[in-house]
Amino acid sequence: MPKLSNPIIAPVLSAADLERKLKPIISSKNWGSFSIKSMRLILCPIYLFSYEAFKEENKKGHKIVTESFKGKALFNAHTSTLLLNKTIDISKASDDSPKDIDFEILESHTDDSHIDRILALNLSKALMIQKDNVIISNLKKAYLSELIASVYIDDKLHEVKVDGISGNISESIPIREKTFSELAKETVSELKEPEAWVEYSKSIIQGAYKGEHFKGINPLYFQLGLLLLIFIILIWVALLK
């Protein structure tokens, strides 16, 4: 199997995990069945490292350290973005090319030969300290993998992205409007208990009667008319089953 120049950090979610997490998301948008048609990886070059930094002041002609910092960070070499306090386990990262899945490697916009100075410069800006007061250690380069999936729903494809660090899913699947029949069936299901029927009818009557178009109508006739309409809808829904 061909080797890559840097090890790949495996996606946070597997295909099975993604399908399991997508089910409630898609269901909440009123869609039924779906299928994952294809997946691919976007490999982004990153640097993982530890750092120590300090602030100092001049006191009586001598420099005194007044504050120190230490931690771990991630630098995105494609976007030149620094993320403080980010740790990723790369013990299982592999430099083997991804198998049975398409992938794309994003371009690195950072020169490896100057990476220490670049990281120190970014850290000095983030921590508001002198760049000469930054020490970089345990520097490692790897590819962070973002999973992109094409999901097939109701004859249309939708793109779903899985963040390579958090595993959060981002999507733009639209919400499907429920049909009148679906809404009616839900109402019937909710009205199995007599108490629910009374409260539901009362809320409909009170809400509708507040409308300007119904002013001047005898409340009793109006309520009886609405109850009759609800009764007809329930019979119609029952006949659909």
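## Lys-63 and its partner

In this predicted model, Lys-63 is exposed, its relative accessible area being 58%. Lys-63 forms a salt bridge with Glu-56, and the closest N and O atoms of the two lie 3.9 Å apart. Glu-56 is partly exposed, at 29% relative accessibility. The separation of 3.9 Å qualifies because the cut-off for a salt bridge is 4 Å. The classes of the two partners follow from their accessible areas: Lys-63 is exposed because its 58% is over the 50% limit, whereas the 29% of Glu-56 falls in the partly exposed range.

## Salt bridges in the model

The structure holds 5 salt bridges, among them the pair of Lys-63 and Glu-56. Side chains of opposite charge can pair when their charged atoms come close. Two further pairs are described below.

## A pair within helix H1

Arg-20 forms a salt bridge with Asp-17, with 3.4 Å between the closest N and O atoms. Both residues belong to helix H1, which covers residues 15-28. Because Arg-20 and Asp-17 are 3 residues apart in this helix, about one helical turn separates them.

The two side chains fall into separate accessibility classes. Arg-20 is exposed, with a relative accessible area of 51%, while Asp-17 is partly exposed, with a relative accessible area of 26%.

## A pair between strands S2 and S8

Arg-40 forms a salt bridge with Glu-159, and their closest N and O atoms are 3.6 Å apart. This pair links distant parts of the chain, since Arg-40 is in strand S2 (residues 35-59) and Glu-159 is in strand S8 (residues 156-162), 119 residues apart.

Arg-40 is partly exposed, with a relative accessible area of 32%. Glu-159 is also partly exposed, with a relative accessible area of 39%.

## Pairing of strand S1

Strand S1 comprises residues 3-9 and pairs with strand S5, residues 94-96, in the antiparallel sense. This pairing extends over 2 bridges. Within it, Lys-3 stands opposite Asp-96 of S5.

Strand S1 is also joined to strand S7, residues 134-153, by 2 bridges, and here the strands run parallel. Ile-9 has Leu-144 as its bridge partner in S7.

Key:
Residues numbered from 1 in each chain as written. Predicted model: local features only at pLDDT ≥ 70, side-chain atom pairs only at ≥ 80, totals over all residues. Heavy atoms only, no water. Pairing = 2+ DSSP bridges. Helix = DSSP H or I, 4+ residues; strand = E, 2+ residues; numbered from the N terminus. Salt bridge = Lys/Arg side-chain N within 4 Å of Asp/Glu carboxyl O. Buried < 20%, exposed > 50% of the residue type's maximum accessible area, 1.4 Å probe, protein only.
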